[in-house]
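Subject: Structure handover

Hello,

Here is the structure we talked about. Please open it alongside this email; my notes follow below.

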Amino acid sequence: MNKALQTAARIAVMAGVTLVASQASAQLKVGNNPTVMNKSAVLELESTRQGLLLPRLTDTSAINGLTPPDGMIIFLNTPTGRGMYVRKDGGWSNISNGWGLKGNEVDPMTDFIGSTNPAPLIFKTNGAQRLEMTASGQFKVSTTSFPASATELDVVILGTDGTLRQRKLNNAAFGDLVKSFNGLTGDVVFNTAASTGQNDANITTAGTTQTLNLPIMNGGASQLYGFLTLADWKKIQALNGLKIEDFITGVAAADAKRGAKLEYDNVNNTYSLKMIAADATNAGIVTTDAQSFAGAKTFKALTTFEKGINITADGATVKGLTSLETLKASGTSDLTGDVTLGGLLKFTTAPADAPVLPSYDVLLTNAGTVQKKTLNSAAFDGAIQEITDGTASVKESKIKFLTDNKGNDFKIALDAATGNNSVTFNLPDADATASAEKRGVVSTGAQSFAGAKNFRDNVAVGKLTATTSTLDVAGSVAMSIRTVTGTETLGDKDNTILAEGNAVIILPKAAAANLGRIYTIKKISGDIDLPVTIKGGGSNIEGSAADYVIYNDWTFVTLQSSGSAWYIIRK
């Protein structure tokens with residue numbers, strides 16, 4: 001890349017910073033891998049299919065009216081001045097001219113590479129001169145010695161038509177050539193012959209004909225050397241790099257840990273794969289003999305044990321629906337799932353009287369199913385003995401409970417109309433009635449609540465599963481949005497503001513009472529000369545007392561209060 005294009009790239013980055021991160025000392029990445037940022041870049045663009053698109057102007061009169069500073073970059077799309085321009089010293093300078101590293105579209109009548117003065121054209125690599133074209137058109141190549149170990153050299157030959165051609169010559173061409181071969185001089189003819197009767201390569205002479213005999217490897221006992229046939233070569237290639245580890249993988253390297261090992265018979269020159277039986281310490285195959293296995297094993301399908309199961313330690317935990325035709329429990333059994341008993345459940349030893357506890361776990365039958373329930377100790381002592389509402393009380397062995405949802409508060413009342421043994425629990429539904437302080441329960445119907453509510457723990461909406469977030473909403477969220485055309489101060493009921501040109505938005509003072517409050521302000525109308533102004537309301541915005549101005553339509557900024565200042569979160 002030449003200096004002009006390098007300068008253009010740097011200017012493009014600075015222009016992007018001006019457009020995207022104006023008035024904010026922020027680092028921004030746009031495109032792919034947004035979390036991987038280059039420390040040295042204020043603005044970074046990354047994409048495999050997209051690039052940076054500059055403004056394409058048909059003239060500079062409109063932008064000149066905005067007094068652009070030096071360093072601004074544009075693309076001028078005119079028939080005579082098409083190209084990329086940078087603002088420099090109060091004018092526009094074309095930085096598109098230059099020769100690209102991957103070629104250019106050229107006009108052979110006007111475009112060329114070279115000089116316009118009598119100076120030579122120099123070509124260098126690694127800082128050293130390699131080639132020179134003189135002003136008179138001669139090529140000069142730097143002196144290079146032939147490598148001592150090279151047997152062939154690439155040379156350039158000048159054709160009769162003036163073109164340069166590359167040829168490969170043996171380095172002997174630059175010294176004495178072959179004077180004789182195998183004692184023969186003059187023209188010597190070389191032939192090759194394949195032979196299976198020879199033990200080594202050799203040359204035979206007949207007149208001026210030399211024959212190079214190439215024996216083929218046939219495995220004969222007396223044969224010392226020979227060449228492989230193509231078929232034999234392909235067989236060897238197929239076995240190249242083949243290891244027993246290609247078949248036995250995922251275990252330790254030692255043969256005893258593999259469950260199998262490869263043994264070599266150096267008498268017969270053969271390999272054999274031997275399988276090893278598994279035991280409590282080594283991996284291996286399953287045999288028909290008694291074996292012990294180590295490590296947890298999981299059976300995904302139905303498993304049948306023909307001779308029973310003997311668990312000698314740690315007990316057994318059965319989860320899920322289990323059908324037991326015969327169950328003998330001599331120790332402690334822990335059944336955590338549903339259990340179906342096909343027969344009668346008997347206790348050979350009657351359980352001792354339970355100690356006096358606040359509650360008991362008992363077994364109850366429900367439609368043939370035994371269920372565990374927890375009962376308070378009062379259930380065994382006559383349960384409720386007396387109920388009173390403050391004015392009357394009832395003591396009955398059988399008490400009837402009624403429900404109601406009248407009034408503004410919870411209460412228990414004796415129902416005189418239905419008899420002294422009827423008690424009404426009044427549980428009103430909570431609502432947002434402003435005329436009275438109304439308490440009540442949360443129902444499954446639609447409700448509104450009045451008064452500020454604080455939740456100590458996390459809140460989940462639209463889901464019944466637990467959440468680890470402070471607020472977890474499994475669904476859409478609606479926030480306030482309105483349009484502002486003049487001058488307005490935002491309040492606690494605002495969230496998104498659509499501002500039209502020349503609107504003035506005043507933020508509330510970023511005091512402790514507004515800690516964490518978020519506003520998003522977006523300009524939706526008005527040209528660049530009708531900006532939207534955002535004032536800090538007595539607090540700084542990003543550490544500055546100056547107003548924040550949005551010039552372009554569809555540009556937005558999100559601000560959040562720290563309790564003492566407003567900070568730009570997104571833009």
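Which residues have the most contacts inside the largest nonpolar core? They are Ile-505, Leu-507, Ile-521, Ile-534, Val-557 and Leu-559, in a core of 19 residues. Several elements give two or more residues to this core: strands E32 (496–499), E34 (518–523), E35, E36, E37 (556–561) and E38 (566–570). Keep in mind that this is a predicted model.

Setting aside neighbours within four places in sequence, Val-557 is in contact with Tyr-519, Thr-520 and Ile-521, among others. Its contacts also include Ile-534, Tyr-548, Ile-550 and Ile-568. Arg-570 and Lys-571 are on the list too. In general, nonpolar side chains tend to be buried together in soluble globular proteins.

Overall figures

The protein has 571 residues, and 17% of them count as buried. It contains four helices and 38 strands. Take the contacts with a separation of 6 or more: residues 24 or more positions apart account for 27% of them.

Strand pairing

E35 covers residues 532–535. Strand E33 (residues 504–506) pairs with E35 in the parallel sense, over three bridges. Here Val-504 stands opposite Thr-533. E35 also pairs with E36 (residues 548–550), in the antiparallel sense and over three bridges. The partner of Ile-534 in that pairing is Tyr-548 of E36. Ile-534 is also one of the residues with the most contacts inside the largest core.

A separate item is an open sheet of four strands, in the order E3-E4-E5-E6. Its pairing is mixed. The edge strands are E3 (56–57) and E6 (91–94), and each pairs on one side only. E5 (residues 83–88) meets E6 in the antiparallel sense, over four bridges. Within that pair, Tyr-85 stands opposite Asn-94.

Salt bridges

How many salt bridges does a search of the whole structure find? The count is nine.

- Glu-46 and Lys-29: their side chains meet with an N to O distance of 2.5 Å. Glu-46 sits in strand E2 (residues 43–46) and Lys-29 in strand E1 (residues 28–31), so this pair links distant parts of the chain, 17 residues apart. Lys-29 counts as buried because its relative accessibility is 9%. Glu-46 is partly exposed at 27%.
- Asp-472 and Lys-463: the closest N and O atoms are 2.9 Å apart. Asp-472 is buried, with a relative accessible area of 18%. Lys-463 has 27% and is partly exposed.
- Asp-494 and Arg-482: the closest N and O atoms are 2.6 Å apart. Asp-494 lies in the loop between strand E31 (487–489) and E32, and Arg-482 lies in strand E30 (residues 481–484), so the pair ties together parts twelve residues apart in sequence. Asp-494 counts as buried at 14% relative accessibility. Arg-482 counts as partly exposed at 29%.

Salt bridges with shared partners also join Lys-29, Glu-44 and Glu-46 into one network.

Why do Asp-472 and Lys-463 fall in separate classes? The cut-off for buried is under 20% relative accessible area. Asp-472 has 18%, so it is buried. Lys-463 has 27%, so it is partly exposed.

Surface patch

One nonpolar patch on the surface is formed by Met-217, Leu-228, Leu-230, Trp-233 and Ile-236. Together they have about 480 Å² of accessible area. Where is Met-217 placed? Met-217 is in the loop between strand E14 (209–215) and helix H3 (230–239). Met-217 counts as partly exposed because its relative accessibility is 33%.

Best wishes

Conventions:
Residues are numbered from 1 along each chain as its sequence is written. This is a predicted model: local features need pLDDT of at least 70, side-chain atom pairs count only at pLDDT 80 or more; totals for chains, interfaces and linings use all residues. Side-chain values use heavy atoms; hydrogens and water are left out. Patches are made of residues with over 30% relative accessible area and no salt bridge: like charges are joined within 9 Å, nonpolar side chains (Val, Leu, Ile, Met, Phe, Trp, Tyr) within 5 Å. Accessible areas come from the Shrake-Rupley method with a 1.4 Å probe; for residues, only the protein chains shown count as cover. A salt bridge is a side-chain nitrogen of Lys or Arg within 4 Å of a carboxyl oxygen of Asp or Glu. Buried means under 20% relative accessible area, exposed over 50%, partly exposed in between (1.4 Å probe, protein chains only). Two strands pair if DSSP finds at least two bridges between them. A nonpolar core is a set of buried Ala, Val, Leu, Ile, Met, Phe, Trp, Tyr and Cys residues joined through side-chain atoms within 4.5 Å. Contact means heavy atoms within 4.5 Å.
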